[in-house]
Amino acid sequence: MDLLTTLVDKGLRRELPTRDEAHAVLATSDDELLDVVAAAGRVRRQWFGRRVKLNYLVNLKSGLCPEDCSYCSQRLGSQADILKYTWLKPDEAASAARAGVAGGAKRVCLVASGRGPTDRDVDRVSRTIAAIKDGNDGVEVCACLGLLSGGQAERLRAAGADAYNHNLNTSESTYGDITTTHTYADRVDTVRQVQAAGLSACSGLIAGMGETDADLVDVVFGLRELDPDSVPVNFLIPFEGTPLAKEWNLTPQRCLRILAMVRFVCPDVEVRLAGGREVHLRTMQPLALHLVNSIFLGDYLTSEGQAGQADLDMIADAGFEVEGTRTRTLPAHRADLGCGSHGGSDGGACGSHEAGSSECGGGRGEVCGGHETAVAVPAGQAEVVTERESAAAGGSAGSGEPVPGPRAGLVAVRRRGAGTDLPPNA
């Protein structure tokens, strides 16, 4: 396809595609899908080889959020049966983080629900960062605490944070449809504060909330303009008890097209496969490794993820390798240009929250850079698939693809790890 030849050439030169080209990727057919993956895979390998960076989430404070983000299980008014607890102590958070580091995680993502941190919260997180870095040489720490106020980004950097996550989530034109307690501009402002403080900026999106192809292109181009080091791509996990519980709009094929489009628009950026991958990509997850260069290991904020060992086996079986703590994640030209890398092992992006139900970051139950909601399917659990009303058929918004039926049986609420007495999944 002439389109793919053009996009590969542009990606290898770090040249921005046109919006029409980005739309065309989302409009490709299933017959063309493997060609799309192969083309975007060439761009991924040019800048990141066959390395996969592992990130591990620690939910410092779960639930009880005053923000009303429709996609989040921790939101104000959520009826989702998730774990609810206040701040973990620094030693508790460090203990949870050790499980992820032992499993190969290069970055630990510290997430807390809420609108944004108080100065006391920043002090608390600073002590947690010190506890995690003590004895874990080379491990990066990304914070995802919500909207920041003056000087807080600088304080987190001084405490040893390497990155900060705050997702844009969706296009500016539709942002008010999913959240009313803060604005798209508020999120942009926090990302810019992070960059100004010298932290590595992590900011991504959530797909599957009923958005159109135009919305997806708009938010990805908005991210490209902000130029974060890391772009987590979350796929909505429709938690029962949230306003978007019935939004089952994604197929594995559409997820792959979205990831390919992000890679073409952000060729040399750490693209992270975040929340919802187990639910929406399912057996096609290994194909996504040809598009992304970063994933979360184990569980998410409020949902369970694929078993940690299964993640490692998938990476190895697909012919990829886990990135070590001494390896630079981002291409040298990005770090050399000062893309938020102030002393971490790579200056890579946050990539920490998750999104499906997007709960990580931002204190608004959104997936921190990618955290959450990704729900992992417990071993041996069969998928529960029910028919969806044909009125919803016709495909995810703007895609023309068939809409899958709800798969609520794939959404497993996290009952282990941080905030519990059970060992974590890593």
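Helices H2 and H9 cross each other in a right-handed way in this predicted model. To find them, look for residues 19–26, which make up H2, and residues 213–226, which make up H9. Their axes sit 10 Å apart, and the two helices pack at an angle of about 130°. Angles over 145 degrees would count as roughly antiparallel and those from 65 to 115 as roughly perpendicular, so H2 and H9 end up in the oblique class.

Now for the residues that touch. On the H2 side, the contact is made by Arg19, Ala22, His23 and Leu26. H9 brings Asp213, Ala214, Leu216, Val217, Asp218 and Phe221 to meet them. Sort this contact by class and you get six nonpolar residues, three charged ones and one polar one.

Let's move on to empty space. Rolling a probe the size of a water molecule over the atoms shows where such space is left. Here, the structure turns out to hold one cavity of 30 Å³ or more.

How values were computed: Residues are numbered from 1 along each chain as its sequence is written. This is a predicted model: local features need pLDDT of at least 70, side-chain atom pairs count only at pLDDT 80 or more; totals for chains, interfaces and linings use all residues. Side-chain values use heavy atoms; hydrogens and water are left out. On a 1 Å grid over the protein atoms alone, a cavity is a set of points where a 1.4 Å probe fits but cannot get out, and a pocket is an open set with protein on both sides within 12 Å along at least five of seven lines; lining residues have an atom within 4 Å of a point. Grid points are joined across faces, edges and corners, and a volume is the space filled by probe spheres set on the points. Axes are lines fitted to C-alpha atoms, for helices over the stretch in contact, and angles run from 0 to 180 degrees between N-to-C directions. Helices (H or I, at least four residues) and strands (E, at least two) are DSSP runs, numbered from the N terminus. Angles under 35 degrees count as roughly parallel, over 145 as roughly antiparallel, 65 to 115 as roughly perpendicular and the rest as oblique. A crossing is left-handed if the near helix is turned anticlockwise from the far one by less than a right angle, and right-handed if clockwise. Contact means heavy atoms within 4.5 Å. Ala, Val, Leu, Ile, Met, Phe, Trp, Tyr, Cys and Pro count as nonpolar, Asp, Glu, Lys and Arg as charged, and the others, Gly among them, as polar.
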